[in-house]
Amino acid sequence: MPEGSGRAVLVTGASRGIGRAVARAFAALGDRVAVHHRESPELAGQVVGSLGGEGHAVVQADLAHAGQVAAMVDEAAAALGGLDVLVNNAGIYAEHPITELSYAEWQEAWRETLGVNLVGAANVTWCAVRHMLEGGGGRIVNVSSRGAFRGEPTAPAYGASKAGLNAFGQSLARQLAPHGISVLTVAPGYVETDMTSEHLKASRGEEIRSQSPFNRVATPEEVAAAVVYLASPEAAFASGAILDLNGASYLRT
Ligand code: NAD
C-alpha cells in the first residue's frame with residue numbers, strides 16, 4: 001500500500017455528515033476518493049466537486065443489497081485503480097422501543113438496521129478485501145458508536161449492530177494481518193450531523209451536550225481526523241483497536 005498520499009480510498013455514505021468530512025480529509029492528503037452514496041447523486045457530486053486533488057469518483061449502492069454492493073466496490077476499484085483504504089461509515093439510526101412496537105415492526109427494525117450497519121458493512125468489506133489482496137495490503141476503518149458500549153435503550157438494534165461491527169473488526173484484524181491489512185474502529189459519541197440534528201435541538205440538545213464534561217458534541221471533522229490517523233501507516237500496529245471519541249461522556253473500562 002502506498003504510504004501517506006496517493007492512496008485509493010472508498011468511503012461509504014460520503015454524500016453528507018461524517019462520511020463527507022472523511023472524504024475531504026483523505027483528499028486533502030492527496031488521496032483519491034470514491035464517494036459512495038445510496039440515492040443522493042447530486043450531493044455526492046457536490047462532495048467530489050469540493051475535494052482537493054484529482055482522480056475522485058462517485059459510486060452508488062444500497063448497502064442492503066449484496067449485488068449492488070459488489071458492483072459498487074468493483075466500480076470504485078476500477079475508477080481509482082485499486083483499493084488501499086475502506087471506510088465503513090454508512091449507517092442508519094431509527095428508534096424502535098421494545099415497549100411500543102408490534103412484533104412485525106420489531107422484526108423490520110432489526111432486519112433494516114442490521115442489514116445496513118452490520119451485514120452491509122460486512123459485504124462491502126468482503127468485496128474490498130479482494131482488491132486489497134490483489135494490491136498486497138490495505139486498511140479498513142469501521143465507524144462504530146459509543147452506543148455499542150453504553151447501550152441504546154430506544155434503538156437496541158443500532159447498539160447491537162455497532163457492537164457487532166466492533167467484533168467483526170476485531171475478528172478481521174486477526175485474520176487479515178498476515179495479508180498486510182489492518183482493521184481499526186472509531187466509536188464516536190454524539191456528532192453534529194443530519195442524523196442527530198433533531199436530537200440536538202432545544203432542551204434535548206442541552207442534555208446531550210452536557211453528557212460530555214466539554215459540554216459539546218463532536219464535529220464531523222474530529223471524527224474524520226481520527227479515521228485518517230487510523231488509516232495512517234503509523235497506526236498499522238494498532239490493528240484491532242477501538243478508539244473512543246466521545247468527549248469523555250462514557251468511559252469504558
Ligand atoms: P448521516 O445520516 O448524515 O449519514 C449516513 C450516511 O449513510 C448517509 O450518507 C446515508 O445515505 C448512508 N446510508 C444509510 N443507509 C444506507 C444504505 N442502505 N445504503 C447506502 N448508504 C446508506 O449520519 P452520520 O451522522 O454522518 O453517521 C455516519 C456514521 O457514523 C454512521 O455509521 C453512524 O452510525 C455513525 N455515528 C454517528 C454518530 C452521530 O452522532 N452522528 C455517532 C456515532 C456513530
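Tyr93, at 23%, counts as partly exposed. The model is a predicted one, in which local features need pLDDT of at least 70 and side-chain atom pairs count only at pLDDT 80 or more, while totals for chains, interfaces and linings use all residues. Residues are numbered from 1 along each chain as its sequence is written, and side-chain values use heavy atoms, with hydrogens and water left out.

Two aromatic pairs were found, where rings of Phe, Tyr and Trp (its six-membered ring) pair if their centres lie within 6.5 Å, and planes under 30 degrees apart count as stacked, over 60 as edge-to-face and the rest as tilted. The ring centres of Tyr93 and Tyr158 lie 4.9 Å apart with planes at 75°, so this pair is edge-to-face. The two residues are 65 apart and link distant parts of the chain: Tyr93 belongs to the loop between strand S4 (85–88) and helix H4 (103–135), and Tyr158 to helix H6 (residues 156–176).

Overall, the chain contains eight helices and seven strands (DSSP runs, H or I of at least four residues for helices and E of at least two for strands, numbered from the N terminus). Of its 253 residues, 49% count as buried. Among contacts (heavy atoms within 4.5 Å) between residues at least 6 apart in sequence, 72% join residues at least 24 apart. The C-alpha atoms fill a box of roughly 50 × 40 × 40 Å along the principal axes.

Notes:
Buried < 20%, exposed > 50% of the residue type's maximum accessible area, 1.4 Å probe, protein only.
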